[in-house]
Amino acid sequence: MSKIVIQGGNRLNGRIKISAAKNSVLPIIAASLLTSEECVLEDIPFLEDVNVILNVLESLGVGLSIYNNKGKVRINAGEINSFEPSYDLVRKMRASFLVMGPILSRLGRIKISLPGGCNIGSRPIDLHLKGFSQLGAEINLGHGYVEASCKRLKGAKVYLDFPSVGATENILMAAVLADGETIIENAAEEPEIVDLASYLNKMGAQISGAGTDTIKIQGVKELKGTVHQVIPDRIEAGTYMVAAAITGGEVIVENVIPEHVRAVTAKLQEIGIHVKEEQNKIKVKGGGIIKPVDIKTMPYPGFPTDMQAQFMALLSIADGVSIITETVFENRFMHVTELKRMGANIKIDGRSAVIEGVEKLSGAEVKATDLRAGAALVLAGLISEGTTEVSEIYHIDRGYVDMVGKLQKLGADIQRV
Ligand SMILES: CC(=O)N[C@H]1[C@@H](OP(=O)(O)OP(=O)(O)OC[C@H]2O[C@@H](n3ccc(=O)[nH]c3=O)[C@H](O)[C@@H]2O)O[C@H](CO)[C@@H](O)[C@@H]1O
Ligand SMILES: C=C(OP(=O)(O)O)C(=O)O
């Protein structure tokens, strides 16, 4: 089993280039099922999660040409010869469930396993299913599977009880080929939704309002192939911004859309970190006192839950008491036990964590319990006294392209062994 081993104490310095967004590329690959023409995605990150979704498509008979060295993939869903994505692939990654909307709409039928919960919460899919049923699909649940069928989906008004990212994406993808107009109200507003809509519009869909809480989709008869470049990963960018802050270093984060990380930038500034936005770049300079702050995770444009663990690592060494409240997922504090092993003083009180800053953390053997928890432990390791060994790093590989190599370039003493 691979591990990441870090000798703490080095300040990070230099430039780092952010990869394309995992949470954008996954629905965009799924959306490529909506056309029989070829789609080309450029500069994509070959992360573990991307391999999984590509395997799902391949298992359905979709033609793929993958150019690893160019970060390019050609997807040809001219033929889809199965409406049953395999259980083994769907259970590996929740985002596999995003093929439901496109397959249902294209084939009029799907049998897909319920994705189940994961380390950060139970993560039901009731909102996805409610949306499909409002578009006219007949849905049956049984033996761990969802079976759905329809002749042609019909446009409808869909109100989401919560602005779920996945439900917005799945319903949006189902609605583009439906008969008539669909309106998604209380839709998620994340930049990844905007990227998906702009991909679909390039394919010939008629979507307006993506990025607001009301998305309107005028159904079309068919979509065509296109070429697309996915937006930069705002969570990867935020993670390296925190890396600069926690080590008191100076880092220029390149290939980032500053507006997408504004909630992170604002919190870092409140903490006392210098952050300067330029076009497609952000300069982060730490070094002073880390002030305590309170954080509440919220759907976009609020503070992202996917940055909660990394900020907890940073606030572990703040000069005072901070409170982080997690409102999006009910069980996203698994990193607390591990940070405590490194000397952090954190108490959980319901959905909040109270973090009393300590002067220093100490290296320890710790375990990544999920993707962002893993990132937080690496960040903590960068400033801990002595050696930190992070195990179960397959979680980190799901969402960070070469995290070790990128941190080494910034001067961290870090290795994968
Ligand atoms: C691949 C991807 O893009 N993953 C992101 C996506 O996950 P994902 O799309 O799974 O997250 P959602 O926005 O759907 O989930 C938010 C909350 O809504 C609940 N919910 C969701 C759907 C549903 O049918 N019923 C329901 O109750 C979930 O349990 C959770 O508590 O958005 C999350 C919230 O920003 C991010 O942390 C994930 O990184
Ligand atoms: C929770 C995450 O991803 P997923 O929804 O794929 O589990 C994440 O990216 O932090």
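Tutor: Start at P301, in the loop between β17 (294–296) and α10 (308–315). Helices and strands here are DSSP runs, numbered from the N terminus: helices are H or I with at least four residues, strands are E with at least two. The peptide bond from Y300 to P301 is cis, with omega near 10 degrees. Most peptide bonds are trans, and most residues other than glycine have a negative phi. H143 lies in the loop between β7 (138–142) and β8 (145–149).

How far can you trust this? The model is predicted, so local features need pLDDT of at least 70, side-chain atom pairs count only at pLDDT 80 or more, and totals for chains, interfaces and linings use all residues. Residues are numbered from 1 along each chain as its sequence is written, while chains are lettered from A and ligands numbered from 1 in the order in which they are written. The chain averages a pLDDT of 96 (the predictor's confidence in each residue, from 0 to 100). At least 70 is reached by 100% of the residues. For the complex, the predictor gives an ipTM of 0.99 and a pTM of 0.98.

Now widen the view to the domains. The chain is assigned domain 1 (4–18 + 232–416) and domain 2 (22–229), with bounds from an automatic or database domain assignment. Their C-alpha centres lie 31 Å apart. At the join, 18 residues of domain 1 are in contact with 13 residues of domain 2. Contact means C-beta atoms, placed from the backbone, within 7 Å. On the domain 1 side, helix α13 (residues 394–399) gives the most, with four residues. That side has seven nonpolar, four polar and seven charged residues. Nonpolar means Ala, Val, Leu, Ile, Met, Phe, Trp, Tyr, Cys and Pro; charged means Asp, Glu, Lys and Arg; the others, Gly among them, are polar.

Where does ligand 2 lie? Both domains give residues to the shell around ligand 2, so ligand 2 lies between them. N23, R94, A95, I120, D306, L371, R372 and G399 surround ligand 2. A residue counts as near if its C-beta atom, placed from the backbone, lies within 6 Å. By class, this shell is three nonpolar, two polar and three charged.

Ligand 1 has 21 residues around it; N23, L127, S164, V165 and G166 come nearest. Domain 1 and domain 2 each supply at least three of the shell's residues. α1 (22–31), α5 (126–134) and α6 (165–175) each supply at least two. The shell counts 11 nonpolar, six polar and four charged residues.

Follow α6 onward. α6 packs against helix α7 (residues 191–202) at about 10 degrees, with the axes 10 Å apart. Axes are lines fitted to C-alpha atoms, for helices over the stretch in contact, and angles run from 0 to 180 degrees between N-to-C directions. α6 and α7 are therefore roughly parallel: under 35 degrees counts as roughly parallel, over 145 as roughly antiparallel, 65 to 115 as roughly perpendicular, the rest as oblique. V165, T168, E169 and L172 of α6 meet E192, I193, L196 and A197 of α7. These residues divide into five nonpolar, one polar and two charged.

Conventions:
Two residues are in contact if their C-beta atoms, placed from the backbone, lie within 7 Å.
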